[in-house]
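Hi everyone, thanks for coming. Let's have the structure up on the screen, and then I'll walk you through a few spots in it.

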Amino acid sequence: MQEMPASKAYRLLEAGPIVLVTTSDEGRPNVMTMGFHMVMQHAPPLIGCVIGPWDHSYKALQASGECVIAIPTVDLARKVVDIGNCSGGEIDKFKRLRLTAKPAKDVTAPLIGQCLANIECRVADRSMIERYNLFILEAVRIWVDAERKERRTLHHRGDGTFVADGKIIDLRERMVLWKQFQD
Ligand SMILES: Cc1cc2nc3c(=O)[nH]c(=O)nc-3n(C[C@H](O)[C@H](O)[C@H](O)COP(=O)(O)O)c2cc1C
């Protein structure tokens, strides 16, 4: 084994699906790219998200307490990177990147029509924001595009390279202790 810097731990662990986070800044929709997120609890469903104060989205999320986590697929890879390389403080990203904003049901932030799934979220716990920029969100509603052909998600390796979802390995029959999570 060769040693690598401890500061690069995220390069080994970041690769959950890259997601887009939409917010509404007093009615103006915005979107950012996010790799630093984790599921924290089944019920109620909690998701931890690191969103830095340098992001315009941070202010909107702090103020509104609401966002949508949208899940893009591999066909949107270039757009995902472009969204994360500009700021809604300067441009209208929905317009510039030709994204379709659709109304959500429980939050003011928009869904993204081009994405495979959209999770409507509310900030559930603000206690980690100041120290870690960590927003703990509760998922309140999920929408999935059942018609979509391309369903492979995209996984950031932390350095601008990505892995596309591949073969599914079905080991459900071995999950003897965890059957309740299979439906
Ligand atoms: C692949 C990728 C992953 C990113 N992950 C995060 C992240 O986890 N947290 C974060 O605060 N910014 C992340 N960023 C940076 C934001 O997406 C970027 O600062 C964005 O432009 C902020 O937009 P806003 O100013 O409109 O909010 C990422 C960018 C890219 C390209």
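So, which helices and strands each supply at least two residues of the lining of the largest pocket? Before I answer, keep in mind that this is a predicted model.

Okay, here they are: β2 (28-34), α2 (56-64) and α3 (77-83). The largest share of that lining is from β2, with 5 residues. As for the pocket itself, the volume comes out at about 530 Å³. There are 28 residues lining it, and the closest to its centre are M32, T33, M34, G35 and G84.

Next up, cysteines. How many disulfides does the structure hold? The count is 0. Take C86: the nearest cysteine sulfur belongs to C115, and that's 15 Å away. Now look from C115 instead.

Last stop, the surface. M175, V176, L177, W178 and F181 form a nonpolar patch there, and together they have about 550 Å² of accessible area. One of them, V176, sits in the segment after β11 (162-164). With 61% relative accessibility, V176 counts as exposed, because the cut-off for that is over 50%.

That's my tour, thanks!

Key: Residues numbered from 1 in each chain as written. Predicted model: local features only at pLDDT ≥ 70, side-chain atom pairs only at ≥ 80, totals over all residues. Heavy atoms only, no water. Disulfide = S-S within 2.5 Å. Patch = residues over 30% accessible without salt bridge, like charges linked within 9 Å, V, L, I, M, F, W, Y side chains within 5 Å. Areas by Shrake-Rupley, 256 points an atom, 1.4 Å probe, with all protein chains shown as cover. Salt bridge = Lys/Arg side-chain N within 4 Å of Asp/Glu carboxyl O. Helix = DSSP H or I, 4+ residues; strand = E, 2+ residues; numbered from the N terminus. Buried < 20%, exposed > 50% of the residue type's maximum accessible area, 1.4 Å probe, protein only. 1 Å grid on protein atoms, 1.4 Å probe; cavity = no way out; pocket = protein on both sides within 12 Å on 5 of 7 lines; lining within 4 Å. Points joined across faces, edges and corners; volume = space filled by probe spheres on them.
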